[in-house]
Amino acid sequence: MPRGFRFILQRLLPHRVHRDLFEPAFNDLRFDYIERAASRGLIARGALGASCALRILILLLDCWRLTPQYIAEHRSVRPTASEPSREHLSMLLVNLRHSFRMLRRERGFTAATVLTLALGIGANVAVFAVLEAVVLRPLPYPDADRLVILHHRDTRTGISKEFIAIGDFVDLLARVDALEHITAFGGGDATIYDGAEPFRAVALLATPNVFDLLQAKPALGRAFEPGDGKAGAPPVMILGYDLWESRFGSDPSVIGRSVRVGDKSRQVVGVAPRGFRFPPHNRAEIVLPLTMPAQAPAQRKNGWTFAVARIKSGVTHDEAAAQLASISARLEQAHPAQNQGSLYYPMSLRDALVGETKWPLLLMQGAVALVLLIACANVANLLIVRALARRQEMCVRMALGAGRGRLAVQLLTETLLLCLVGGALGVALAYWGVPALVALMPRRVLVPGLAEAGIDAGVLMFAVGVCVISALAFGVIAAVGLRRQAPAAGLSSAARAGVSRSTRRAASLVVAAEVGIAVVLLVAAGLVLRSFGALLSVNPGFQIDSVLTFDVQLPADRYREVAARQAFYDRAFDAIRQNPQVFAAGAAVVTPLTGNNWTVPFERSDRRVPAGQRPPDVGWQSASGGYFDALRIPLRAGRVFHTTDRGDRPPVVIVSEAVERRFFPGESAVGKKVRIGDGDAEIVGVVGDIRRAGLNDAPRADMYFPFEREPSPAITLFIRTNGDPLAALPAIQSTLKSLERQVVFADITTLDAVAAESIASTRLAFWLLGVFAALALTLAAIGVYGVMSYAVRQRTRELGTRLALGATKNGIAWMVMREGLTIVSIGLGVGVTAGLASTVALRSLLFGVPTSDPVTLAATVVVLGAAMVPACYLPARRAAMVDPARTLAE
Amino acid sequence: MPAATHLQFLVLGTLVAEERPGREIRRIIAGYGVRRTSAAFYQMMARLERLRWVEGWYEQITVGDQAVTERRYRIKPAGERAWKEARAFYESVALAAARRWSDA
């Protein structure tokens with residue numbers, strides 16, 4: 001159950017009733033829903049969700065019904081008869097019928113209220129549905145909150161990586177006692193040769209304790225044993241449940257069978273439980289044991305791995321982080337040349353999967369709550385007006401003997417009905433809004449179930465909670481009016497004449513608050529819009545347009561030799577360049593703008609770092625010469641890589657301008673030597689700096705290694721074309737297929753799309769804040785218009801008198817306009833102050849724009865003026881049109 | 001008369017052999033024609049807990065790919081005594097009735 005609902009529900013029922021009756025019954029409902037929804041389609045799931053929501057509502061009512069009896073039992077008093085409860089229920093039905101009739105009679109008021117609430121609640125529910133799927137829904141592992149990914153931060157550069165050096169992993173394994181089941185893992189695709197046709201499967205490579213870590217028991221056979229991960233152990237594997245069903249026909253005799261995976265035969269020792277995934281977005285069709293060295297290797301940072309662990313019971317996250325920091329410091333002391341500045345820290349698995357999207361989403365939930373607040377303020381104003389209009393009816397009912405309590409319950413029921421209808425319409429709006437929101441989510445959000453985010457029981461509970469809270473708030477506003485009413489006074493003609501100055505002032509203040517909230521959202525949307533514009537116009541240091549990129553995987557068994565791979569890539573690039581649509585083609589290991597932060601130590605051969613010190617890191621990339629042409633990274637000096645830069649020639653590297661500036665001040669880097677491992681490499685070229693990790697990343701110092709020297713069987717191609725890059729794809733793929741039939745393509749995209757994805761969080765914030773700010777502005781303008789119109793209607797007699805005494809029409813119009821603009825000015829002042837204070841929360845989303853950007857503030861004033869002037873002018877014009885003769889005669 | 005009501009006897013009987021989640025107990029007693037709303041059922045279970053006849057706790061399980069919490073129950077020695085007492089009572093009543101039937 002989402003935490004927000006837990007909080008609300010805990011306050012709707014007495015604590016004991018919630019704990020003993022509601023909570024276990026609610027969990028049963030949830031179990032039932034999940035079990036039944038699993039095998040159904042989207043529409044059937046929606047229907048099931050609606051029925052589940054109804055059952056939750058019935059459960060809530062049932063708990064309310066049982067509350068007096070249950071509380072009495074606790075006080076050792078015999079339960080009273082259930083008559084009072086029944087009486088309450090029948091009163092509720094009477095009130096509901098009466099409210100329904102009243103609202104049907106006042107169709108204009110009902111439509112305005114329901115639509116306003118539907119917009120506010122719908123937007124809230126839609127954002128909450130995504131927030132629930134991304135941030136609140138538990139991961140599919142027992143006690144998943146204790147699972148953490150081990151991250152590495154270089155404290156000298158501030159660069160963080162989500163993986164851990166193998167040397168450090170081995171040492172951490174031996175020293176950390178705040179964590180248990182520390183597991184190294186990796187993933188990828190593997191080719192399985194079983195039956196007539198080989199096929200690709202998603203593989204999870206993990207140290208044997210992965211099943212202990214995730215507290216998962218195999219459906220068949222056994223889990224890995226510690227010996228399975230030792231060097232030289234017989235190769236084994238565990239099949240994923242789905243693969244076992246689809247490819248092995250759920251055959252239990254598969255246990256013990258040998259299956260060829262890649263170039264190795266492996267014995268199947270088990271079948272993973274149904275639904276087993278790790279990481280949660282990874283289907284894990286096969287699980288292979290990962291071998292880790294028993295002792296930390298001398299070159300501690302030559303290999304890296306992902307690592308996940310479980311925080312031990314009784315240990316807090318901060319304690320685990322403190323222990324990792326202390327061990328990192330000890331490792332730094334023991335191995336200064338390799339570990340200087342290396343800090344390891346735990347990050348919860350959920351945070352690692354959600355990444356930086358969590359904060360924009362939380363921010364959006366806050367923004368959309370403000371929209372609901374404006375909608376509520378509008379509805380509150382409508383209710384105040386309505387309460388005044390019904391003052392006489394209420395006084396008559398009181399004079400006939402109706403108690404104030406009874407009338408208050410009646411008003412509460414009416415507002416509850418309004419809110420529930422508005423909420424139902426809002427949920428329908430959200431039903432269509434959620435898929436649009438999900439489409440805006442960055443692809444790197446790897447939370448399972450995001451694609452299926454929608455209106456489920458939890459989200460419906462949220463909607464019901466919002467409706468009930470809104471209804472209670474509005475009902476209280478309406479009911480408070482009754483408290484101060486004397487029946488006789490309400491029946492007098494003076495009471496019918498209009499509203500008091502204090503009531504009007506209260507309504508004006510509510511509207512000023514609405515304007516203020518709208519200004520806060522406008523300022524936020526304006527700042528994010530300016531950041532988005534700045535990101536789109538930033539120069540990444542290379543040309544993004546017209547570049548096709550995709551991964552190529554060669555069959556490992558046929559390309560074991562480096563020479564075979566070199567020969568393939570030589571032929572492949574020659575053939576691709578023959579294509580008339582292709583300008584340039586190259587290959588690299590790291591795709592720019594994907595957040596990659598791989599680094600390598602940089603050390604001049606002629607100025608060695610003193611013993612015991614770790615050289616500074618620079619960005620790492622392995623690229624072919626064609627990569628620089630394809631991305632149009634400018635060559636500043638020297639040359640790019642040639643196909644001749646191979647194993648039999650002296651090693652060479654290329655550096656970026658930032659490296660030259662930093663390590664070779666006042667001299668050329670070309671021709672100088674740098675230390676690579678135990679040898680030297682010559683710098684043969686200097687290229688321009690690029691923003692490698694993302695568009696919002698500062699250009700960094702990078703060092704490029706020749707891809708040609710030892711090409712990998714899996715690489716990423718970058719091809720510059722003279723038109724639509726994707727149009728050239730079929731011809732290029734067929735060229736590559738003609739050279740190698742078993743070549744596999746993956747992650748086909750364009751650099752434009754990669755760049756767009758790198759700013760997806762800002763885009764998400766921009767769209768949502770923009771829509772919510774527009775919605776808030778519209779609602780605030782309607783609020784201003786409503787209050788001004790009502791004031792003019794109430795003051796018709798006064799305005800008529802003024803006109804009769806010689807006031808001009810323009811003077812009257814300006815007087816009314818001035819009142820409206822005063823309200824707007826107060827709202828603007830408060831809103832700008834609050835907006836500037838709250839932009840601190842936006843800081844992580846801003847790029848190239850200060851939080852107190854004067855352009856944004858000026859634009860906010862203009863946009864607000866454009867919306868508010870008509871909202872004030874229309875009632876003012878109506879005021880100027882008052883006929884003095886007619887109004888004085890009435 | 002035994003301390004346990006016939007409904008309590010039924011519920012305790014489902015727990016004599018093994019611990020069970022609440023929803024399973026509710027399903028079993030529904031098989032005997034006992035229809036209670038889930039809130040009323042858990043009210044009864046809370047009463048049994050107060051009598052210290054059963055012990056309840058929460059446990060997290062995985063359904064599909066989602067974690068769900070369920071309330072599980074196990075019988076306590078006092079509950080087992082109450083169940084045995086009720087069973088002995090019902091057996092003696094049944095035996096007496098059977099004797100009367102055969103005498104008649």
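Which residue in strand 3 of chain B is the bridge partner of Val63(B)? I looked this up and found Gln66(B).

I noted that this is a predicted model, in which local features need pLDDT of at least 70, side-chain atom pairs count only at pLDDT 80 or more, and totals for chains, interfaces and linings use all residues. Residues are numbered from 1 along each chain as its sequence is written, while chains are lettered from A and ligands numbered from 1 in the order in which they are written.

**The sheet of chain B.** I found three strands in an open sheet, ordered 1-3-2 with antiparallel pairing, where strands are DSSP runs of E of at least two residues and helices are runs of H or I of at least four, both numbered from the N terminus. Two strands pair if DSSP finds at least two bridges between them, and I saw that 10 bridges join strand 2 to strand 3 (residues 66-75) of chain B. Strand 1 (20-21) and strand 2 (54-63) of chain B stand at the edges with a single partner strand each, so one side of each has no neighbour in the sheet.

**The contact between the chains.** I next looked up the contact, which takes 25 residues from chain A and 20 residues from chain B; residues are in contact if their C-beta atoms, placed from the backbone, lie within 7 Å. On the side of chain A that touches chain B, helix 2 (15-37) and helix 3 (42-74) of chain A each supply at least two residues, and the largest share, 11 residues, comes from helix 2 of chain A.

Conventions:
Two residues are in contact if their C-beta atoms, placed from the backbone, lie within 7 Å.
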